[in-house]
Amino acid sequence: MDFDWRPEEAEFRHDLKTFLEAELPEDFDAFSLEPPEQKKFSKAFAAKLAERRWLTPAWPREYGGLEQSAWQQLILSEEMVAHGEPRTAQYMCVNWVGPALILAGTEEQKQYHLQRISRGDVVWCQGFSEPGAGSDLAALRTKATWDGSEYVISGEKIWTSYADTADYCFLLARTDPEASKHNGISIFLVPTDAPGVTISEIPSIFAPGTFNQCVFDDVRAPESWRLGPDSGGWPIIRKLLVNERVGVARFRRASSTLDHVAKAALEAGLLDDPIICEAVAKAQAACDAARVLIYRVVDERAKGQAPDLTAYVYRVATIRAEKAVYEAALQVEGSGGLLKGSYGAAQFGHALASGVATGTLEMQLNLIARDVIGAAPR
Ligand SMILES: Cc1cc2nc3c(=O)[nH]c(=O)nc-3n(C[C@H](O)[C@H](O)[C@H](O)COP(=O)(O)OP(=O)(O)OC[C@H]3O[C@@H](n4cnc5c(N)ncnc54)[C@H](O)[C@@H]3O)c2cc1C
C-alpha cells in the first residue's frame, strides 16, 4: 500500500508553500495584528489567493472554486495555519459558511454570497452563542417573529469573533417558540450594517476584537435572508459544526510551536532532563495523533462518508495536542513561559481557545461517550 501524497497534491502543497514564503515575512502571525489592520491585510491577501482560486479551491467552479479534493482542502488548511493563517476570518467562509450555503442556499443566495466569498470581498461572523446558550446551543432565545411580510429579529449574541469587522452574521434565531428546542430554530444571513444591529467589544485576555456582543433590536429581515427551511435549521447546523470542528489544522500550528520549543530546549541542553524530554516527546506524540486522526476524517470525507464520529475524536485529540505543547513550553521556558512574547504564553491562549470554541472539551467527550462508545446516560 502506498501512503504518499498523490502527485497533484504534492504539487499543490509545493505551489502553495512557494507562494506563501514569497508573500509573507518569516514567523508571520496574522492574529498578532490589530483588528482594522488585520482586516485590511487579510482582504488584500485573500484577493491574491482568489486570483488563483485558492481561497475556495474545493468549491464548484461556478462559485469560484477548482473542485479540488478533500485532501487538497486539508493541505490548504495545513499550509495556511503553518504560515500564520494570513486569511484570518476568511477561513470560516471556506470551512463552513460557504459549504452551508452550497448545502442549503437558494440559487439566488448562492449566486449572491458564494461569489463574494470566493473573491475574498466579505468577512462573516458566527452568531450562535448567547448568555445561557453555549454548550446547550439549542437553548438559544434570540427570536425571529414573522409579522406577515418580514421577520423581526431581537436578542443578544456573545463571544462573536470578528463581528467588529464582519460584513455578515450567520445568525441562529428561534422562529417557533412552541416547537421542541431543536425544531424551532432558523438560520439568517444578516448584514451587520442592518438597522437595529449593535456590535460592541467584550474585553478579554485575547487580542483586541476577539470577542464581541451583538444586539439585535427589532431587526427587519426579509424572507430571502433565511437559509434553509423555516424552523428547520438544526440539521444544517449539525453538519456545519462538524465542518467547523475539523476545518482548522490546529495541530499544525501546535507542532510548529513545538519545533521552536524543542530547538530552544536542545540549544540550552535541557533535553538531558528526563522530565523536559518526556514533556516534549508527549507533545510530539499528541500532535502526531491529531494529524493521523484528521487524515482519517479526510479519508472518510473523500469517500463520501459522514465524518461526524471521527471528527469528535479528532477534535479531542487536537485539544489535547494544544495543551501538551503548552505544557512542554512551560517546562522548557520555566517561569519565562508565563511572559508575553514567550512560546508558553502564546500557546496558553491557543490551548485555552481550542478547549472552548466550537464546543468545549467536555461536550466533545459527551458526544464520544454517547455516539462513538454508545454509553447511555445514567
Ligand atoms: C476563542 C473563542 C472564540 C469563540 N467564537 C465564537 C463565535 O465566533 N461565535 C459564537 O457564537 N461563539 C463563539 N465562542 C463561544 C463558544 O462557542 C462557547 O464559549 C462554548 O460553546 C461554551 O459555551 P459557554 O461559554 O456558554 O460555556 P457553558 O456552556 O456555560 O459551559 C461552562 C462549563 O460547563 C461545562 N459543561 C456545560 N454543559 C456540560 C455538560 N452537559 N456536560 C459536561 N460539562 C458541561 C463546559 O464544558 C464548560 O466547562 C467562542 C469561544 C472562544 C473561547
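1. Let's start with the ligand's surroundings. Helix H11 (residues 361-372) gives the largest share of the shell around the ligand, 3 residues. Helices here are DSSP runs (H or I, at least four residues), numbered from the N terminus.

2. A quick word on what you're looking at: this is a predicted model, where local features need pLDDT of at least 70 and side-chain atom pairs count only at pLDDT 80 or more, while totals for chains, interfaces and linings use all residues. Residues are numbered from 1 along each chain as its sequence is written, and side-chain values use heavy atoms, with hydrogens and water left out.

3. How many residues surround the ligand? There are 17, and the closest are Gln 126, Ser 129, Ser 135, Thr 360 and Glu 362.

4. Now zoom in on the polar contacts (pairs of N or O atoms within 3.5 Å). Ser 135 has a polar side-chain atom 2.6 Å from a ligand oxygen atom, and Thr 360 has one 2.7 Å from an oxygen atom of the ligand. Trp 159 uses a backbone N or O atom instead, 3.1 Å from a ligand nitrogen atom.

5. Over to helices H1 (residues 7-23) and H2 (residues 35-51): their axes come within 13 Å and cross at roughly 150°. Axes are lines fitted to C-alpha atoms over the stretch in contact, with angles from 0 to 180 degrees between N-to-C directions. Phe 19, Leu 20 and Glu 23 of H1 meet Phe 45, Lys 48 and Leu 49 of H2, contact meaning heavy atoms within 4.5 Å.

Conventions
Helix = DSSP H or I, 4+ residues; strand = E, 2+ residues; numbered from the N terminus. Near = heavy atom within 4 Å. Polar contact = N/O pair within 3.5 Å; in protein donor to acceptor, adjacent residues only side chain to side chain.
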